[in-house]
Every structure is written in C-alpha cells, then in structure tokens.
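Please keep the sequence and the structure in view while reading.

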Amino acid sequence: MTINRRKFLGNTGWLAGAAFLLPAINSCGVNGKSKSGHIGKGLKLSFEAYELQLKHVFTIASFSRTTTPVMLVKIEWDGVVGYGEASMPPYLGESHETAAKFLNALDLKQFLDPFRLNEILSYVDTVAEGNCAAKASVDIALHDLIGKLMEKPWFKIWGYNQENTPLTTFTIGMDKPDVVIEKVKEAAPYKMLKVKIGRGTDEEMISTIRKITKVPLCVDVNQGWKDKHEALDKIHWLKEQGVVFVEQPMDKNNLEDMAWLTQHSPLPTIADEAIQRLDDVAKMHGVYSGINIKLMKCTGMREAHKMMNVARSLEMKVMIGCMTETSCGVSAAAQLSPMVDWADLDGNLLISNDPFKGIEILNGKVILPNRAGIGVIKI
C-alpha cells in the first residue's frame, strides 16, 4: 500500500458511513478502455460484454434459456481495481446495448475520492431511470475497491460473523422427469433445493425429486398460480412434502389475493418479482411473509443492505438471492448472507464459464473468503 493511501485512510477514519455508500463510473467505450483515461486520482472505469453459458437449459414458469448476457466492470483508483458485474436476464429488459449506453453516459473522473459513495451513487441513480443491473455493477465495483483500500471484506466492515452464513439452495429448473433426476443427483452436495414450478407439472416435479432425496425444499412459482384457493391447496400439499417456503406464488400485481394467501398459508410466502427497490419493502408488508433481495434488481450492495434492515424492522423474513451470475455478483450478495434467513446463491454454480473465484459452498453452507472487498479473484 502506498504512503498516500495510508494517509488517505488515516484521514478518513474508520469509514463511519461506508455501509451506506454507493458508487459511480467514468465514461468508457463499449468494451475495454476508458475514453477519458485516468485523470489525476479520478475514478477510472472499463467494462466488457460477456455471455454466461448455462450448464443446463434453465426453465421457469414463463420461459427457457441457455445463456445470460452480463457486463463485467472494473473501477480503478490509485492503482487498486474493484470488480463489478451486471447480470441481465432478458426478461428484466436490460442488455449489453443498454448497459453500454448507460455506462458510457457516466462521468467518474469528477470524483477524486471513492469513499464518497453516497454522493457517487446519487449521481449514478439520476443519470437515467431503470438500468438497475448496470447501476449494480458500479455499486459492486466500488464496494470491492473500497474494501480493498480498507483491507477488509465487507461482511467485516458491516460487523457480521462469517460463521453465521446459511445454507444456500441449489436450483432445479423444470424439465422431464429423467432430466430432473440427473439434476438432483448432481446437486447431492447441497442440503436444500429450490424447485421451479408453476407450469402445471408441480406435483410431478416434487414427486420426482422426492423419489431420490429427502432434503428440505423451497419452491419458486414465478407468478405461475392464478387462483388463490387452488394456490392454498397446493401449499398445504407442499408442506406435507417437506417444502419450507413458497416464492412468488401469484402475479406480482395481485396484491389483494396475495395478502389473503399469505394470511392463510401454512408456509411463509416470499416476494421476488413483486419486490425490487427500497421503496417496495414497506408496500409488501402484510402481503408477503418476506422478501428476496437481488443486487441486480435493487442497484447493488448499498441498497440491498438498507432493504434488509427495513424488512427486519418490519419483522419480515429475508432471503438473499441472485440471477445466473459469475462469482463476482454472487460473492457481493453473499456479504449480506450472515444476516438473512435463507440464501439462494447458486447463480455461479449454474454456469460453465465463470471468470472469477469467490465464495465457496461446503456441505451446502456459504463460505465467505477473508479476502478484502467482495472477496473475488479474477482467473
């Protein structure tokens, strides 16, 4: 570490506000080098389009896919690099093109101090509406950068005990019974499975899985159920099959029926498509038992941290989830995992071309590395 950085950290103190700060970016080309270059000690951005290759066809209630577009982001300051990622499954409306356009519109060279995250994020968030995954890539990269400057992982900056991390679920997408059986066999190291249902084959999916494993299950319906009474009957049956909770059972806009279902359900209900950013949390109180927080939907680590705290204040359950992502995005989300009820951090396990090394899963449990920042290494 240079003398200048030591003086900088000494003058900054222990970063009293670091847990609630957020990033921004310098103007860059569509792939690779910054247009403006590194001016003084201003923040320097570069980014690269990347395509994740899924190990299996990924099928949920409304679509199937075999790839996921991502944007890999780097932010550099004083010779230190932070890594970020935007994962953009097509149904969320972002793409390589939209992310490049958004990132090119940012001007980070104006920011000489990466610790001014609140100011930087406020700027990033007002450049254009939406673009939540692109904004998350900036957030993650700056958190990684700041953690490296502090020489601490973020779970320690936040004061969390890494031994309190939960089990992660491993996702089993909808498929023919023989393929489902093979997927479950591959998932043998995991102690909890997340099963995609909602296309009319719910009982077949669960019964097939129960033929070969008795591990706890959760189900993700992805808005697939239409009638609240039928949904309640299904949930009672699912409880008998060892299901722990039900994620997004009905249409995200059907709040009245969803509140009724939650009130009568013997299992917790978790909002996914119905929840995105901080302002949504209070709106879901009384409608769902809990929320699934995803960095790519809420613009990153800073807002995810706030969402978790608000949900806890409302006595709601909290799950930390992910898209299909590299270990960069998953490891960033995992920094919050010691404080959640459940984790669904398997996005990197579903791909065959992960360019990072980050969190590990041991006997189904999330293991946080002690490396600074978000804990990833580029490989």
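With which side chain does the side chain of Lys294 make a polar contact? In this predicted model, the partner is the side chain of Asp272, at 3.0 Å. Lys294 belongs to strand β9, which covers residues 290-294. Its relative accessibility is 7%, and because buried means under 20%, Lys294 counts as buried. Beyond residues up to four places away in sequence, Lys294 touches Asp272, Gly321, Cys322 and Met323.

The side chain of Lys297 reaches the backbone oxygen of Asp272 at 2.6 Å. Lys297 is found in helix α11 (residues 295-298) and is buried, with a relative accessible area of 8%. Apart from neighbours within four places in sequence, the contacts of Lys297 include Leu92, Cys132, Glu273 and Met323.

The UniProt record, an unreviewed entry, carries the annotation "active site" for Lys196 and Lys294. Both Lys196 and Lys294 are included in the lining of the largest cavity. Lys196 lies in strand β5 (residues 193-196) and is buried, its relative accessible area being 7%.

Eight strands form an open sheet with parallel pairing, in the order β4-β5-β6-β7-β8-β9-β10-β11. Strands β4 and β11 (342-343) stand at the edges; each has a single partner strand, so one side of each is left without a neighbour in the sheet. Strands of a sheet pair through backbone hydrogen bonds, either parallel or antiparallel. Within this sheet, β6 and strand β7 (residues 243-247) run parallel and are joined by 3 bridges. Asp220 stands opposite Glu247 in β7.

Helices are packed against the sheet as well. Helix α7 packs on the sheet, where it touches β4, β5 and β6, and its direction makes about 150° with that of β5. In α7 (residues 202-210), the buried residues are Asp202, Met205, Ile206, Thr208, Ile209 and Arg210. These buried residues pack against strands β4 (170-172), β5 and β6 (217-220), and also against helices α6 (177-186) and α8 (228-240). Helix α12 (residues 301-313) lies across β9 and β10 (317-321), running at about 175° to β9.

How values were computed: Residues numbered from 1 in each chain as written. Predicted model: local features only at pLDDT ≥ 70, side-chain atom pairs only at ≥ 80, totals over all residues. Heavy atoms only, no water. UniProt positions renumbered as here; feature names shortened; annotations may be inferred. 1 Å grid on protein atoms, 1.4 Å probe; cavity = no way out; pocket = protein on both sides within 12 Å on 5 of 7 lines; lining within 4 Å. Helix = DSSP H or I, 4+ residues; strand = E, 2+ residues; numbered from the N terminus. Buried < 20%, exposed > 50% of the residue type's maximum accessible area, 1.4 Å probe, protein only. Contact = heavy atoms within 4.5 Å. Polar contact = N/O pair within 3.5 Å; in protein donor to acceptor, adjacent residues only side chain to side chain. Pairing = 2+ DSSP bridges. Axes fitted to C-alpha atoms, helices over the stretch in contact; angles between N-to-C directions.
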